[in-house]
Amino acid sequence: MSASKEKYTEAQYLEAIEYQPKTGTGKIANYVDTRVGGTSIVREFGRKVFPDHWTFMFGEVALYSFIITVISGAFLTFWFDPSMATTRYSGSYAPLQGLEMSMAYATSLELSFDVRGGLFMRQLHHWGALMFVLAMSVHMIRVFFTGAFRKPRELNWVVGATLLVLGLAAGFTGYSLPDEVLSGNGLRIIDGMLKAIPVVGTYISFFLFGGEFPGNEVIPRLYALHIFVIPALLLILIAVHLFLVVMHKHTQYPGPGRTQRNVVGYPIGPVYAAKAGGFFFIVLGVLSLLAGTFQINALWNYGPYDPSPVQAGTQPDWYIGWFDGVLRIMPGFIGNIPLEFVLPTPWGGNSVATPVLVPMIPITVLLLGVFVWPWLETWITGDKREHHLLDRPRNAPTRTAFGVAMVVWYLVMWGAASSDLMATHFALSLNDVIYWLRAAFFLGPIIAYLLTKRICLALQRKDREVALHGHEAGVIEVSADGEFHEQHKLPNEHELWTLVSYEAPAPSGPRPNAKGKITAVEKVRARLNRIWFEDRVEPVSREEYLEAIGHHGESPAGLEAAQSRQAITSGAPADSR
Amino acid sequence: MKALSQKRRHPFAFVALLLLGLLVTGGLYAAATTVNQAQASNTPDGFSSEQVDEGERLFVANCASCHGMNAEGSDAGPSLVGVGAASVEFQVGTGRMPMQMSGPQAQQKPPQFNEEQTTQLAAYVASLGAGPGIPDDEWLDVDEGDPARGGELFRINCAMCHNAAGAGGALTEGKYAPSLHGVDEVHIYTAMTTGPQNMPVFNDANIPPEDKRDIIAFLKTYEQQGSPGGFSLGFLGPVSEGLLIWTLGLALLIGSMVWLTSRSS
């Protein structure tokens with residue numbers, strides 16, 4: 001790439017053509033280089049610098065879990081038959097002997113009991129899938145709270161959010177394949193949700209299931225989605241995601257020497273590549289450990305699918321839990337008034353299943369909110385600059401508080417999916433658990449917002465305190481004239497950099513448009529902007545710092561000199577400013 | 001057919017139809033109840049009068065404060081007339097009675113009476129009125145049962161409260177269906193015939209003794225097989241799996257991430 005811009009002399013060309021490698025590795029390298037241009041690839045990617053921080057590795061975990069899931073899934077396809085044709089079970093699991101069931105369930109049982117290593121691979125596939133969505137979720141939370149989604153990375157954030165939604169779809173279609181009672185109940189809920197959609201709901205459900213639920217079509221269709229369509233989309237989007245990461249360069253935490261224009265870290269080759277390669281095997285090891293020692297989805301318990309039985313403890317996998325939970329906390333009646341009603345229509349009335357439709361609102365709001373957040377935040381703050389340095393979460397108090405509120409909202413819905421187990425395991429009344437969850441659904445995010453914002457501001461004030469007066473050393477000194485004071489240890493320049501290098505702009509107020517008018521939308525924006533910025537802790541300025549140093553009875557011998565001092569004994573009690 | 005359609009407007013046609021209807025329902029009911037009774041009393045009350053007397057003494061000393069001096073019931077406890085020996089076998093044999101404390105339902109605890117005393121109490125309660133008896137050993141012999149059929153019956157009749165793996169589940173207002181792991185055969189059987197706490201009664205017309213034996217055989221087979229895939233995580237399904245991946249799984253990976261990135265700095 002960069003090589004093509006350079007000018008070469010005739011002699012250099014000849015030297016390159018006549019080059020004869022001497023070592024074995026050299027011969028292989030030269031063979032590859034002369035045919036596919038390995039040098040330029042290594043030059044471009046091998047020198048790519050990535051910053052090192054443990055929170056940057058969740059995306060890697062997601063990628064590796066995905067690879068592990070694809071490999072173990074390929075193994076499963078060799079035996080699994082996604083057919084709803086009935087058969088009589090004759091495998092080695094005694095308690096299901098002779099029962100009528102679909103080929104899908106029979107082959108899942110065969111994989112579990114009669115294929116060597118089949119149960120391990122099934123469990124590896126399932127644990128891998130749980131880890132895949134988990135890692136994507138934690139990665140997204142990390143990106144959100146550090147502000148890594150800001151310009152120029154908004155589109156990659158959207159790609160990531162799409163990957164998460166696809167991950168949910170991949171997981172749910174896989175969960176539904178074995179055709180036992182547990183997954184059948186899950187599909188029945190999906191069927192109910194589809195049918196609740198006014199007018200078109202029944203049509204969509206009939207198209208999906210090929211007639212009335214459960215029909216004979218849905219497992220093969222879900223299988224096609226699960227092993228072909230969704231993984232293909234995931235692969236393409238993962239490629240786009242990684243390409244954009246390389247193009248944008250990785251973000252980094254603020255620190256000495258780290259600016260908007262550089263990346264401080266290690267190049268991919270050789271250190272980072274070795275670490276990443278090794279990390280793949282760590283992820284594989286952890287997932288194999290889980291797969292080998294912890295049973296997951298014991299599908300032989302649930303029995304062949306039959307629409308009549310419903311079993312206690314029927315839950316979806318964790319990432320679909322919040323769909324289930326929000327349905328569980330939605331009341332069907334308020335007092336004696338049913339929330340489901342019939343809309344009178346000329347053809348006799350349509351039932352409106354409010355208790356199923358209303359729970360879709362928070363789910364839609366949260367998912368859509370994830371997609372539009374980067375633009376929403378830019379619109380509110382008016383910040384259209386590029387950001388390659390991450391925010392420490394405390395330095396963006398409103399975003400952090402809002403994010404925590406949304407996480408709490410999600411957690412309440414997610415937790416509600418295990419309301420029955422909370423009741424049995426903590427000896428509570430199931431009804432009370434539901435009432436508390438309903439209260440937490442509305443109050444939880446508000447309390448979380450207020451608390452988080454206060455905690456962030458308090459941490460920022462603490463940072464100011466440390467930057468200006470140093471850490472309390474825990475040593476009390478008595479001066480000759482009997483005055484007590486505590487020793488303070490000033491932060492070193494590395495720490496000081498982290499403590500003071502952030503922005504806390506003031507609210508900007510409404511701005512008139514080109515015609516000089518302040519529109520209603522602009523007023524809303526200004527209001528949100530005020531909420532966003534009005535509580536703020538300003539970073540320590542140079543003047544303040546110098547004054548604080550002077551205040552401590554020391555001669556202001558220049559910022560640099562003061563910073564480089566490891567320890568300074570304060571001449572005044574800590575609370576005098 | 002023509003004669004019938006002509007006579008359908010006869011003044012007595014309605015009376016005739018009503019009589020026919022009553023006869024059919026009455027006859028069916030009589031047939032159904034005799035089936036129940038015939039099956040329910042298939043265990044002979046082979047108790048001696050000594051056992052009954054001894055049982056009454058135990059009852060007066062331990063149970064009468066709630067159930068009344070003659071087991072007629074009080075505000076604190078129901079009448080025991082007609083609950084049968086099976087109820088005593090279940091409630092006293094599993095330690096639920098005498099009740100440790102009042103609450104949504106009686107908690108299981110180590111039994112307070114030995115086998116002999118439990119039988120004596122059962123003899124006394126059985127003497128008060130006819131009720132489900134203690135099953136014969138043949139209905140508890142799991143080797144005779146068919147676990148596959150029992151599993152199917154279990155999933156249709158029991159799993160909605162007790163969980164597909166018999167791990168138990170929540171009911172309303174703090175009540176719950178307990179775990180069935182490690183429960184004696186006779187207690188599974190008597191629970192079905194008497195319907196303790198919030199459990200419905202599965203009498204011999206609903207589930208014949210052979211089928212009850214199949215269900216017990218399924219539960220015992222299930223208990224013996226353990227969990228083929230490793231630690232069972234309480235047989236609770238996706239919730240405990242989700243908890244494990246978010247705790248142990250995530251902790252192991254974060255640990256290795258911190259380790260991998262700590263070397264450079």
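Which domains does the domain assignment of chain A give? The assignment, whose bounds come from an automatic or database domain assignment, gives domain 1 (2–46) and domain 2 (50–308), and the C-alpha centres of these two domains of chain A lie 41 Å apart.

This is a predicted model, in which local features need pLDDT of at least 70 and side-chain atom pairs count only at pLDDT 80 or more, while totals for chains, interfaces and linings use all residues. Residues are numbered from 1 along each chain as its sequence is written, and chains are lettered from A and ligands numbered from 1 in the order in which they are written.

Between the chains, where two residues are in contact if their C-beta atoms, placed from the backbone, lie within 7 Å, the contact takes 55 residues from chain A and 53 residues from chain B. On the side of chain B that touches chain A, H11(B) gives the most, with 17 residues; helices are DSSP runs (H or I, at least four residues), numbered from the N terminus.

The table divides the residues of two contacts by class, with Ala, Val, Leu, Ile, Met, Phe, Trp, Tyr, Cys and Pro as nonpolar, Asp, Glu, Lys and Arg as charged, and the others, Gly among them, as polar.

| Residues of | Division |
|---|---|
| Side of chain B that touches chain A | 30 nonpolar, 19 polar, 4 charged residues |
| Contact of H17(A) with H18(A) | 5 nonpolar, no polar, 1 charged residues |

Within chain A, A:Asp463, A:Val466 and A:Ala467 in H17(A) meet A:Leu496, A:Leu499 and A:Val500 in H18(A).

Notes. Helices (H or I, at least four residues) and strands (E, at least two) are DSSP runs, numbered from the N terminus.
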